Amino acid sequence: MKGNFRWRLLLILFIFVGALIYFFPTLAGEIPTWWPKFFPQDKIHLGLDLQGGMYLDLEVQTNKAVESSVETIKNDLKGHLKKERIFYTYLDRVQEEKIEIVLLNPEVKAKFDDYITDRYPILKETDVQKEGDRIKVLLEMDPRQKESIEKLAVEQALETIRNRVDQKGVREPEITRGKANRILVQLPGVEDPEEIKELIKKMAFLEFKLVDDEYDLRRALAGEIPFGDIILYQRVEDPQTGAVRKVPFLLKEKTLMTGDALKDARVRIDNYNMPYIGLSFTRTGAKLFDQITAANVGKRLAIILDGNVYSAPVIKQRISGGEAVIEGSFSDKEARNLVIALRSQLPAPVQIQEERTVGPSLGQDSINKGIKSIIIGGILVILFMGVYYRWAGAVADMALIMNLVLILGALAALRATLTLPGIAGMVLTVGMAVDANVLIFERIREEMRLGKPPRAGLETGYSKAFLTIMDANVTTLIAAVVLYQFGTGPIKGFAVTLSIGILASLFTAIVATRFVFDYFLSKVRVKRLSI
């Protein structure tokens with residue numbers, strides 16, 4: 001029996017002291033210098049509703065990812081069909097996700113079918129029309145391939161947004177996938193929501209195209225754009241007045257290289273103390289950039305980001321080092337955000353469907369009200385238990401305080417996030433912990449009214465109440481697990497706090513209070529329980 005008491009006492013002390021150690025940094029506010037470095041240093045993480053911050057519901061425009069893939073295939077077809085001597089009079093992307101091509105005659109059509117079947121099995125002919133000798137064919141991507149691209153676009157967007165947020169140094173972000181093509185973002189403590197929104201939405205699709213300096217730009221601006229050319233603009237901001245003007249560029253439509261070849265992007269400072277972006281390419285990208293610059297010495301190469309021309313330097317010589325620069329009138333902040341976007345390019349644009357911002361003062365107000373409700377509820381419960389159950393009630397009160405310490409210590413140890421519903425979960429747990437003790441005490445009272453001695457009454461009371469307590473707590477625990485599995489944000493916070501609270505309640509009601517009663521009945525040898 002003596003050894004049994006020792007082990008039970010050590011177990012209770014180990015769990016309680018461990019919870020206190022994890023809870024101390026939160027309780028102390030500022031960690032004192034004497035606090036050992038190997039002890040926990042983290043405070044309990046506060047959720048968005050308590051700390052303040054922003055919530056975003058983002059929709060990934062997956063159709064744009066499909067359109068981009070179709071556009072790439074169209075550009076590839078333009079180059080490869082000529083090499084294969086498959087002649088056509090028209091080839092372009094139509095209806096956003098389809099490719100229309102007009103072939104020269106039926107013989108060319110036969111060669112074209114063989115080529116598509118061999119090289120592009122993901123393309124299906126959805127319409128074929130004969131116009132004289134010409135054959136017009138409408139191609140569409142296989143639905144399974146489209147679904148795969150859309151799914152991959154959401155997963156890439158999720159990872160990209162997570163990288164961008166991490167690089168901005170936001171603490172404890174919660175970025176999860178929602179239904180279909182939605183992404184849910186919670187960023188506690190964000191001070192500049194507009195900057196975060198711009199960063200998340202930035203598409204950062206990088207392209208390199210040749211400038212068409214052989215054709216008159218004024219005629220192109222008047223509407224006479226040569227076949228295979230497009231007009232894009234460079235946005236130039238006057239650093240003195242802030243006025244923005246657009247500089248037009250006539251470009252070859254064909255994209256020579258995209259951001260897929262990008263290895264790294266960094267902010268650098270030039271001789272005039274102005275920031276610019278330094279790019280380095282992957283091994284494949286460096287080789288491609290080498291070939292591009294070697295074949296186009298003397299021409300201008302436009303660097304385009306999200307359809308905007310950032311710079312169009314003249315290729316003075318072959319560049320084999322695998323590096324390039326983006327120059328522009330950047331501020332330090334713009335250059336830094338551009339680098340973050342380039343390092344993690346989005347596969348498709350994202351749109352904000354819902355946005356909520358919680359101010360820090362509102363969060364602090366929620367904390368104060370939550371703590372106030374726990375204190376008032378706790379005092380009322382402690383007074384009731386002490387008055388109604390006397391000494392046994394005081395034991396239950398100690399178990400209640402221990403219960404709260406265990407919950408808070410577990411939240412800190414598990415690095416879980418405390419939310420406003422989480423505080424509600426703690427209040428609910430307090431009620432459940434008291435309920436368990438009331439069940440036990442009432443069963444003990446019943447046994448003692450039958451004339452049983454304290455030891456026998458205690459044994460029978462705990463035994464009878466055990467199954468009822470377990471039944472109530474385990475069913476609630478199952479509900480909490482389901483909430484955690486299918487809930488999001490604050491609902492998960494509630495589920496975590498409730499789950500921890502239930503386990504703590506079972507421990508304090510069944511193990512801790514039982515130890516105190518056993519100890520006093522055995523060591524102090526009281527003849528009557530004050531209950």
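Helices here are DSSP runs of H or I with at least four residues, strands are runs of E with at least two, and both are numbered from the N terminus. By that rule, S505 is placed in helix α13, residues 490-524.

Good morning. The structure under discussion is a predicted model, in which local features need pLDDT of at least 70, side-chain atom pairs count only at pLDDT 80 or more, and totals for chains, interfaces and linings use all residues. Residues are numbered from 1 along each chain as its sequence is written, and side-chain values use heavy atoms, with hydrogens and water left out.

I shall stay with S505 for a moment. Is it buried or exposed? S505 counts as buried because its relative accessible area is 1%; the classes are buried under 20%, exposed over 50% and partly exposed in between, with a 1.4 Å probe and protein chains only. Contact, for this talk, means heavy atoms within 4.5 Å. Leaving out residues up to four places away in sequence, S505 touches N403, M432, A433 and N473. From S505 to D435 the separation is 70 residues in sequence and 9.8 Å in space, C-alpha to C-alpha.

I turn now to the sheets. Two strands are taken to pair if DSSP finds at least two bridges between them. Axes are lines fitted to C-alpha atoms, for helices over the stretch in contact, and angles run from 0 to 180 degrees between N-to-C directions.

For background, most residues other than glycine have a negative phi, and most peptide bonds are trans. A180 counts as exposed because its relative accessibility is 61%. N181 lies in the loop between β7 and β8 as well, but N181 is buried, with a relative accessible area of 18%. Setting aside neighbours within four places in sequence, N181 is in contact with L58, E59, V60, T62 and V154.

A positive phi is also found at R390, about 50 degrees, although R390 is not a glycine. R390 belongs to helix α10, residues 360-413, and is partly exposed at 42% relative accessible area.

A second open sheet has three strands, β13-β14-β17 in that order, and the pairing is antiparallel. Its edge strands are β13 and β17 (323-326), each pairing on one side only. Neighbouring strands of this sheet are turned by 25 degrees against each other on average, direction ignored. Seven bridges join β13 to β14 (residues 275-281), and L262 is partnered by F281 in β14. Two helices are to be noted here. Helix α9 packs on the sheet, touching β13, β14 and β17, and its direction makes about 170 degrees with that of β13. Helix α8 (residues 283-295) lies across β14 and β17, at about 105 degrees to β14.

Elsewhere, β3 (residues 88-94) and β4 (residues 98-103) pair in the antiparallel sense over six bridges. They form a hairpin with three residues between them, and Q95 in the turn has a positive phi of about 50 degrees.

Finally, the largest pocket. A pocket is, on a 1 Å grid over the protein atoms alone, an open set of points where a 1.4 Å probe fits, with protein on both sides within 12 Å along at least five of seven lines; lining residues have an atom within 4 Å of a point. Grid points are joined across faces, edges and corners, and volume is the space filled by probe spheres set on the points. How much space lies in the largest pocket? The value is about 1500 Å³. Of the 46 residues that line this pocket, S68, T72, F205, E207 and T258 are the closest to its centre. Helix α3 gives the largest share of the lining, 12 residues.

Thank you.
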